[in-house]
Amino acid sequence: MTTPLGRRLVTTVAIFGLMAVGAIVLAPLVGSTSISLGRAFDFHVPFADNTDAQIFFIARLPRTLAGALVGAMLASAGVVLQGLLRNPLATPFTLGVSAGAALGAMLAITFGWSFAWLGVPAAPAASFIGSMAAVGVVYALARARHRGISTNVLLLAGVTMNAFFSALILFVQYFANFAETYRILRWLMGDLDISSYEPLVTALPLAVVSLAVFAWLARPLNLLSLGPESAETHGLDVTRAQRAAFFSASLATGAAVSVGGPIGFIGIIIPHLVRLLVGSDHRIVLPASALFGAAFLIACDLVARTVMAPIELPVGVITALIGGPFFLWLLVRKR
Amino acid sequence: MTKDIAARSSGLAACRAEARRVRWREGVWLGAILLTVLVTFVCFVVFVLEPSARSSERPTRIVSLIPAVTEMLFAIGAGPQVVAVSSFDHFPPQVRRLPSVGALVDPDVERILSLRPDLVAIYGSQTDLRTQLGRARIPVYVYRHAGLADVPATIRELGARVGHADAAAALARGIETRLAAIRARNAGRPHPRTLIVMGREALSLRGIYASGGVGFIHDMVEAAGGTNVFADVKKEAVQATAELILSRRPDVIIELRADPLSPDMLKREMNVWSAWNSVPAVKNRHVHLIADDRTVVPGPRVAEGVEIIANRLDKAR
């Protein structure tokens, strides 16, 4: 069993890894302005005087890395949630994480909160807190009536929380002033222009933890795809696996949203595309989705920042414009 | 059987004819009464209600939904005529005592109507409100957000509308004179390339939106003797990425805010910029955060706002 799987895993990871690394290396070379790479890497010029180096290292590189992190997190969280809920339409935002995050960010922006004492700007921190609050409520609801987790209740509670938080967002937004409303709207579109490494450093531990759990989850998710009862007979502690899947996917999504805002479609098209290419074994789908998600989001962001320069398009618009038609094609083609 | 039916139907026809005559007579009476009521009503509206609704000569109950217009009204001596303002009005201090009736997106139509205004100043985009006020036959003054040159023009127009034409003309002339003086003072001097930041996320350099080459904020900075680095973008606001700002290399960064900041927060917000030290403005300490509503309200204090900006720009000349 191990040898063919091991070989397939190595080939798949190598191919998708090459794509991700290629994207990370190539994307910073292009931008809305043209810079001299020779000068950017000329370390004899002090960094404070070297505009090309600052554009490369402050504007482009963190942005590319943010695309990689957010893309990988959202794509793999999508795989996990589709496996957990056994529903191909599940996305990282289905269970209310993004709406909770949006509510948190919006409260921070509207009321001008600043968590300077935390060392992080308010909006990302508040969005993370909001997403975790939403996760807590949804989990409590899903547990309330069953001994384990009911995925149906999870799904319904998540969808309801999304609607409820969206209503709260509209309610608070109605009282926000014009500039704040605009900033909220901009936040909701998703934006990877983080212009420093701090958001990445803050989100990285969360990403590592959730990726570690994802790695453990690959086999349980394969068993879960047979149905919870079957999985139980194969010796899987279903409740534990479901709980781990739910919390790790939520953590990954919360971290991704706190960095780049709720960027849509990555979490749904990447898993399906990868499954089309490599089959449905989660041990291969998970790493491949993470790597491909990273490459895809970097590419979308590259389009967003260059196509209409100096005006930049929101990256969420690009992912939806590419993702929407692609997903429809996928739906039609399968029949 | 058929005869019987015929006789009955002829009797029925006579009855019907009689009924028709009665109905016709009643109809005439009813029509006459209705006509009288209608004529009375129209006369009432035209001769009793209309004069007060149409007294655009000198409105005495003005509602202003625009802070800039409120300031203008008070500055030209029409303050006592103002009965309500928007929820964003803070200046002059007297407006705090007046009821607030919403703003651009949430005008409280019911409260506005209950105040029985004879002039309501609204934004050009508030078309629904305009229709509603039109239905209530309340005159409106339609304000349009435009360039710096439109501020004195708006003051003159407003003054003529509310019966303070002379004071308005004097105020407008004063603003034009002051702006001309600032322009003359900076005529032969260098115009530093300036980034005008109108908003960003708190304590970070994310989500910066800057003034493009259109609108009164752009005009103010150009009048103050600066050159907007985004003058080529023909939009009011530019979502400026890190790359864009680093590559434009502004000599001065001016951040404008309407609400005051504590000295501690001001210092913290200024420090945020130090991450981008290849930008000449940051390197040479020409970053200015101006939390003063005179620089963001296109009202009668706009020349003061331009002077404030010009003084900051002087440090980089």
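Start with chain B, where the domain assignment gives domain 1 as 62–179 and domain 2 as 189–314. The model is predicted. Colour the two ranges separately; the C-alpha centres of domain 1 and domain 2 of chain B lie 28 Å apart.

Next, go to the contact of these two domains. Domain 1 of chain B contributes 14 residues to the contact, and domain 2 of chain B contributes 14 residues.

Which elements of chain B give two or more residues to the side of domain 1 that touches domain 2? Select α2 (67–75), α5 (150–162) and α6 (165–185) of chain B. Of the elements on this side of domain 1 of chain B, α2(B) gives the most, with 5 residues. Now colour the side of domain 1 of chain B that touches domain 2 by residue class: 11 residues are nonpolar, 1 is polar and 2 are charged.

Now move to chain A. Select helix α3 (residues 51–85) and helix α12 (residues 282–306) of chain A, which pack with their axes 7 Å apart. The angle of this packing in chain A is about 140°. Because angles over 145 degrees count as roughly antiparallel and 65 to 115 as roughly perpendicular, α3(A) is oblique to α12(A).

Turn the view to look across the pair: the crossing of α3(A) and α12(A) is right-handed. Finally, show the side chains of the residues in the contact of α3(A) with α12(A), which divide into 15 nonpolar, 8 polar and 2 charged.

Key: Residues are numbered from 1 along each chain as its sequence is written. Chains are lettered from A and ligands numbered from 1 in the order in which they are written. This is a predicted model: local features need pLDDT of at least 70, side-chain atom pairs count only at pLDDT 80 or more; totals for chains, interfaces and linings use all residues. Axes are lines fitted to C-alpha atoms, for helices over the stretch in contact, and angles run from 0 to 180 degrees between N-to-C directions. Helices (H or I, at least four residues) and strands (E, at least two) are DSSP runs, numbered from the N terminus. Angles under 35 degrees count as roughly parallel, over 145 as roughly antiparallel, 65 to 115 as roughly perpendicular and the rest as oblique. A crossing is left-handed if the near helix is turned anticlockwise from the far one by less than a right angle, and right-handed if clockwise. Ala, Val, Leu, Ile, Met, Phe, Trp, Tyr, Cys and Pro count as nonpolar, Asp, Glu, Lys and Arg as charged, and the others, Gly among them, as polar. Domain bounds come from an automatic or database domain assignment. Two residues are in contact if their C-beta atoms, placed from the backbone, lie within 7 Å.
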